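Subject: Structure handover

Hello,

Here is the structure you will be working with. My notes follow below it.

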Amino acid sequence: MNFSEVFKLSSLLCKFSPDGKYLASCVQYRLVVRDVNTLQVLQLYTCLDQIQHAEWSADSRFILCAMYKRGLVQVWSLEQPEWHCRIDEGSAGLVASCWSPDGRHILNTTEFHLRITVWSLCTKSVSYIKYPKACQQGISFTRDGRYLALAERRDCKDHVSIFVCSDWQLLRHFDTETQDLAGIEWAPNGCVLAVWDTCLEYKVLLYSLDGRLLSAYCAYEWSLGVKSVAWSPSSQFLAVGSYDGKVRILNHVTWKMITEFGHPATVTNPKIVVYKEAEKNPRLALGRLAFPPPRAAAGAASSTESKYEIASVPVSLQTLKPVADRANPKVGIGALAFSPDNYFLATRNDSVPNAVWIWDIQKLKLFVVLEQLSPVRSFQWDPQQPRLAICTGGNKVYLWSPAGCVSV
Amino acid sequence: MGEWMTVTDPHLSSESKNICQYTSETKMSPSSLYSQQVLCSSIPLSKNVHSFFSAFCTEENIEQSISYLDQELTTFGFPSLYEESKGKDTKRELNIVAVLNCMNELLVLQRKNLLAQENVETQNLKLGSDMDHLQNCYAKLKEQLETSRREMIGLQERDRQLQCKNRNLHQLLKNEKDEVQKLQNIIASRATQYNHDMKRKEREYNKLKERLHQLVMNKKDKKIAMEVLNYVGRADGKRGSWRTGKTEARNEDEMYKILLNDYEYRQKQILMENAELKKVLQQMKKEMISLLSPQKQKPRERADDSTGTVISDAEEDAGELSRESMWDLSCETVREQLTNSIRKQWRILKSHVEKLDNQVSKVHLEGFNDEDVISRQDHEQETEKLELEIQQCKEMIKTQQQLLQQQLATACDDDTTSLLRDCYLLEEKERLKEEWSLFKEQKKNFEKERRSFTEAAIRLGLERKAFEEERASWLKQQFLNMTTFDHQNSENMKLFSAFSGSSDRDSLTVHSRPRQKKPHGVSNGSLVCASKLTKSLPASPSTSDFCQTRSCASEHSSISVLNITPEETKPNQVGGEGASPKWSMASGPGSQEGCYSGCSLTHTNSHVEKDDLP
């Protein structure tokens with residue numbers, strides 16, 4: 001696996017199209033669309049201001065570029081480069097912008113979360129949704145794109161509204177028993193909505209599509225609660241990561257916890273494989289190069305290479321002691337992701353920031369621990385196979401699959 | 001008497017006085033004082049005696065001393081020293097005999113007293129040492145008692161301290177718990193306070209938002225607009241529809257349809273899973289029955305009652321199967337029946353395996369090789385594995401039951417667990433099958449081995465039989481060899497042979513334990529030999545060979561063998577007359593076969609040689 005040449009990018013805005021044919025990247029106020037295979041520039045669009053957010057429509061025909069400072073959203077078409085569309089929120093301001101699943105409506109969240117405006121590209125109609133909640137994850141579309149769940153706050157109480165995306169009709173509106181709703185997420189099968197509370201209170205509520213409360217789950221009181229939530233692709237499990245460093249798995253039949261995964265700093269079970277990243281040639285690095293390492297033929301003299309070594313158990317991992325008197329401490333499970341085949345769950349414990357823990361869901365046991373040399377920034381599963389890509393902010397990409405792991 | 005008194009020694013007398021003074025004045029322990037006195041008094045200082053005597057009686061006061069002595073002696077019960085007075089006026093004559101007697105008596109008395117004194121002294125010494133000893137013991141015991149008392153006090157003190165500490169710790173714990181409770185209460189109250197404040201702030205914020213919203217809406221900003229070149233068609237190509245009441249209803253319908261589809265899908269999955277599980281269970285049951293049923297043909301099986309139940313179960317199960325296939329419902333009763341029958345079969349299988357184990361161990365005790373042991377261990381491992389897996393199956397059944405119950409009770413969201421679970425079940429099913437087939441194979445092997453061993457034992461017995469017969473023939477020949485003989489020896493031979501015959505018989509009865517075939521021919525053979533005394537027999541094969549074979553035979557039958565030197569093993573002639581009583585003697589105590597054969601062999605010299613006797 002090799003890296004391509006480097007392209008300029010601003011604000012980390014680089015997205016593949018949903019059909020996988022194009023790659024859109026933003027440089028300042030320009031939007032560059034490339035072909036995935038050849039990386040040739042296909043289109044180049046110029047926006048009116050620096051782009052803060054870019055998103056492909058679901059059918060890969062349109063791209064929206066949001067400029068929050070100006071309150072502008074510009075939409076570009078791939079098929080018709082001369083087509084243009086500009087949405088100006090004006091004094092209402094713009095905080096967030098996203099596509100609807102059908103690719104024909106744009107939802108703009110105005111400043112101070114006053115309202116959400118739904119602009120239609122097909123008709124001239126505009127809809128407004130009042131009182132959206134300003135929280136981490138207040139909007140969630142079902143996977144089939146039929147329904148939108150929106151978190152709202154009225155009269156100091158949280159509510160959830162379910163809209164039908166085809167005509168933006170309100171289907172259900174119900175209040176939730178949360179103190180301060182932090183996020184909502186649909187299950188992949190579109191029938192269950194998970195709602196979780198702020199981290200001051202551990203509460204996970206599960207609602208059915210028609211608004212009935214199916215179950216409420218609370219693991220403990222008083223300590224900081226839920227940090228991250230992830231559904232398994234089959235909708236069988238809901239993984240809840242909390243500030244106490246544990247992931248609790250709820251099953252879809254009883255909505256009760258079937259197991260909890262702890263993340264201790266020492267790994268003692270000899271059945272677990274621990275991959276440790278190690279420097280191949282420990283020489284003085286010639287500065288942190290911005291380039292990825294050159295091709296193998298050119299030699300590896302200019303940058304340090306690293307490889308994975310299997311460490312023998314017991315292994316103790318590097319921990320980070322959190323600052324006690326600050327909010328949002330760096331403890332707890334900050335990232336959770338299921339593999340697309342439902343076999344693995346990758347987690348990151350923020351107090352052991354260099355490690356990625358991979359759990360075997362079939363056996364409900366820890367499978368592999370990967371320890372990097374620097375803190376893990378993000379990881380993502382391959383959409384089709386159980387392969388995990390990890391990046392730590394350095395010049396390497398780390399790939400893990402059940403067959404082994406490699407650093408590129 | 002006069003002689004006694006000549007030696008006087010005033011010095012000595014003063015010495016004695018001093019000694020007496022000394023003894024009377026010093027304050028010693030009564031025992032030692034007494035002993036001193038005794039010693040003093042027992043000192044046979046002849047000089048002192050002399051001085052005493054000289055002090056008492058001099059030449060002048062003889063008559064006085066005699067009369068004094070007479071008075072003293074009469075008071076002590078001795079006879080008078082004077083002769084019997086003839087008249088009143090005449091002087092009484094000294095009766096020397098009486099004097100001598102008195103002296104003798106006094107001496108005897110003195111000796112007795114001395115003896116007694118010695119005894120008393122020794123006793124005194126003994127008592128003194130005993131006393132010392134006892135005092136020492138007493139002192140030691142007192143010390144021990146003191147130390148143990150001190151120890152006890154120390155331990156009590158420590159115990160008290162520990163209890164104190166314990167109480168303190170309990171108190172601390174209680175305090176900590178109270179504090180924790182208090183802190184929790186504080187947290188709760190603070191939380192409510194914060195919530196209240198948050199709500200207040202939020203209300204204010206909402207007001208601001210409303211105000212802002214009004215302002216924004218009122219402004220009618222023309223800039224808030226969308227400018228688009230041309231409107232794009234809908235994604236699905238259809239026209240948009242108006243929002244009416246109908247559309248609302250339609251949306252609701254669609255939503256419910258989606259939900260129902262999801263439920264139905266999940267229900268289907270679960271039913272499929274259930275059917276799979278039931279199939280697996282029934283298969284397990286069938287296989288268990290088949291495992292148990294072939295056993296009823298074996299005669300060794302003691303589990304007749306179990307086979308009876310197996311048969312009845314098979315009938316039941318046949319009925320059940322037909323029922324199941326007809327209805328294929330997950331009724332309560334059907335489920336219970338299935339699980340109960342599985343449990344019953346499992347119990348039967350378990351008991352059967354245990355019985356097999358017992359039988360194997362019994363067979364092992366009867367002396368088979370180690371190969372059996374190994375196979376038994378394998379069996380045990382297999383059965384353990386099977387047990388484990390069946391436990392797992394049971395647990396799965398239980399969870400399935402629970403799930404089903406829940407589903408029937410409430411229409412919850414159930415999703416597709418089936419696919420994954422099917423995989424697990426299939427795996428386990430196949431594993432189970434493999435292990436069962438292994439188990440059956442091993443059982444077969446084990447039985448084959450058992451059969452081969454019994455055959456080997458039978459063969460061994462037959463060989464033994466043949467061997468014994470050979471031995472009998474050897475003996476026969478030997479006896480025949482020995483009988484080249486004088487008629488003088490014929491009687492002895494008769495005796496000998498009769499005796500040997502009896503001993504032979506005895507030995508045979510003694511040594512035929514494991515071997516069922518008794519060589520009865522031997523004793524008869526010996527009697528026959530005796531009848532053929534006068535015949536001269538051809539040279540028998542060397543008796544050394546015979547000895548060796550005898551020794552072999554005796555080893556088998558655990559008989560002691562005499563050492564027979566090869567020089568003396570001349571086959572042909574029996575020893576002479578003199579040897580005959582010795583024969584009977586030698587063979588008397590040894591009613592063991594080795595003895596008589598040894599005797600016979602040593603006496604096969606041509607002449608009587610008493611030196612050659614063993």
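Tyr398(A) has Ser407(A) as its bridge partner in E36(A). The two strands concerned, E35 (residues 397-401) and E36 (residues 404-407) of chain A, pair in the antiparallel sense over four bridges. A hairpin of two residues joins E35(A) to E36(A). Here strands (E, at least two residues) and helices (H or I, at least four) are DSSP runs numbered from the N terminus, and two strands count as paired if DSSP finds at least two bridges between them.

The model is predicted: local features need pLDDT of at least 70 and side-chain atom pairs count only at pLDDT 80 or more, whereas totals for chains, interfaces and linings use all residues; side-chain values use heavy atoms, with hydrogens and water left out. Residues are numbered from 1 along each chain as its sequence is written, and chains are lettered from A and ligands numbered from 1 in the order in which they are written.

Confidence

The scores are ipTM 0.79 and pTM 0.56. Chain B averages a pLDDT (the predictor's confidence in each residue, from 0 to 100) of 71, and 56% of its residues score at least 70. Within chain B, helix H6 (residues 96-219) has the highest confidence, at 92, and helix H15 (residues 579-587) the lowest, at a mean of 40. Two stretches of chain B fall below 50: residues 19-28, with seven contacts beyond near neighbours in sequence, and residues 297-315, with 20 such contacts. Contact means heavy atoms within 4.5 Å.

Chain A overall

Chain A has 36 strands and zero helices. Of its 408 residues, 53% count as buried, where buried means under 20% relative accessible area, exposed over 50%, and partly exposed in between (1.4 Å probe, protein chains only). The chain exposes about 18300 Å², of which carbon and sulfur atoms supply 52%; the areas come from the Shrake-Rupley method with a 1.4 Å probe, and for residues only the protein chains shown count as cover. Among contacts in chain A between residues at least 6 apart in sequence, 41% join residues at least 24 apart.

The sheet E1 to E4

Four strands of chain A form an open sheet in the order E1-E2-E3-E4, with antiparallel pairing. E1 (14-16) and E4 (41-46) of chain A are at the edges with a single partner strand each, so one side of each has no neighbour in the sheet. Strands E2 (residues 22-27) and E3 (residues 30-35) of chain A pair over six bridges, and Cys26(A) has Leu31(A) as its bridge partner in E3(A).

Pro18(A) lies in the loop between E1 and E2 of chain A. Its C-alpha atom is 7.3 Å from that of Trp56(A), 38 residues apart along the chain. Leaving aside neighbours within four places in sequence, Pro18(A) is in contact with Trp56(A), Ser57(A), Ala58(A) and Ser60(A).

Nonpolar cores

A nonpolar core is a set of buried Ala, Val, Leu, Ile, Met, Phe, Trp, Tyr and Cys residues joined through side-chain atoms within 4.5 Å. The largest has 37 residues, of which Tyr147(A) and Leu238(A) touch the most other members. Strand E18 (residues 192-197) of chain A gives the most to this core, with five residues. Beyond four places in sequence, the contacts of Leu238(A) include Ala194(A), Val204(A), Trp231(A) and Ile249(A). Another core, of 23 residues, lies apart from it and has Val274(A), Ile333(A), Leu336(A) and Trp357(A) among its members.

Regards
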